[in-house]
Amino acid sequence: MTSRHKRAAAILTVGVLLVFAVLFHQRYFVARPIGAGPAGPPVDRTAFSREWTQRPVRLIGIGDSVTAGFGADSPAHSYFNRLIRNPEDEYPEMRGLCLSQVLPHLEATNMAVSGSTSLDHIAVIDTKLQRHDPEVFGLVVMTTGGNDLIHNYGRTPPKEGAMYGATLEQAKPWIEDFRTRLDGMLDKIEARFPGGCEIFLCNIYDPTDGVGDAPSVSLPRWEDAAVILARYNEVIAQCARARSNVHVVPLRETFLGHGSHCRQFWRSTYAPDDPHYWFFSNIEDPNDRGYDAIRRIFLNSIVAHSTLIPGRKEVPANASE
């Protein structure tokens, strides 16, 4: 082979490798297909085959844009509304799997506010959550703390309630304040339901699939993001463990493998059955399929823990089965 042919072969090889590298990067680092159809774990139909209680039950939503439903294709597709009743275009396997199916005297109020932080949520409970009659049982679903971390996206110096970019040392007092605030929220919610309540509290998901590389979701680098997120989730778990009527809904675990690295098959979080992106275009909220998954994990948590389920435990206060 002449030197000219060798140079041509080398150039061709480099070109092929560059094309391969570009295509590989596009497929596994840039492309984030959302997929289609149902998302999330199955829900066992057994618990929905009979009425749970004749007691009045009030479903309350408290929290941020996740509970408000921002990013869902329609209001009917928010996790909160799907908990209450199935939308008209419900997936066949989920038809009849909703709270109105088993709670004939269910009423619902969603107090969630998009963009709100835990500092706002305690104020919402103070001003908007009324004290209920003793015959009413409360089912409370909550997402809180996520905006404390992600705001203001690195555009402002970190502070409590908007700590993006903070070091762990900076964040430690804010994390302890969150613990005190969350305990206070749980106390206040319980006081509003003298007839009893159950609180289903989400932990906080990570749109980087646990990698912690904020630039992968178009945000500034944040070295201590993962450890601060973990500390917030530890607080949520500890506050829930201290109360028999508070249960953690595994939002973080459910969304691992559906964030910015969802296509990367070599990661331990890779979800081969559904390697798709469950986040909305703003990064911090779910997309429509993500809301389907959230609805499912809430239903599974309620079925696993609620004292309203017949035969599990006597329903508090004047229940009539």
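Cys197, Ile199 and Leu201 point one way from strand S4, while Glu198, Phe200 and Cys202 point the other way. All are buried, meaning under 20% relative accessible area with a 1.4 Å probe and protein chains only. In a regular strand, side chains alternate between the two faces of the sheet. S4 spans residues 197–202 and is mostly covered, with six of its six residues buried. Strands here are DSSP runs of E with at least two residues, helices are runs of H or I with at least four, and both are numbered from the N terminus.

This is a predicted model, in which local features need pLDDT of at least 70, side-chain atom pairs count only at pLDDT 80 or more, and totals for chains, interfaces and linings use all residues. Residues are numbered from 1 along each chain as its sequence is written, and side-chain values use heavy atoms, leaving out hydrogens and water.

Now the neighbours of S4. Strand S3 (residues 137–143) runs parallel to S4, joined by five bridges; pairing requires at least two DSSP bridges. Val141 stands opposite Phe200. Strand S5 (residues 246–249) is also parallel to S4, through four bridges. Here Ile199 stands opposite Val246.

Next, the helices. Helix H5 (residues 118–128) packs against helix H7 (residues 168–192) at about 20 degrees, with axes 10 Å apart. Axes are lines fitted to C-alpha atoms over the stretch in contact, and angles run from 0 to 180 degrees between N-to-C directions. H5 and H7 are therefore roughly parallel, the term for angles under 35 degrees. Contact (heavy atoms within 4.5 Å) involves residues including Ile122 and Ile125 of H5 and Phe178 and Met185 of H7.

Conventions. Buried < 20%, exposed > 50% of the residue type's maximum accessible area, 1.4 Å probe, protein only. Parallel < 35°, antiparallel > 145°, perpendicular 65-115°, else oblique.
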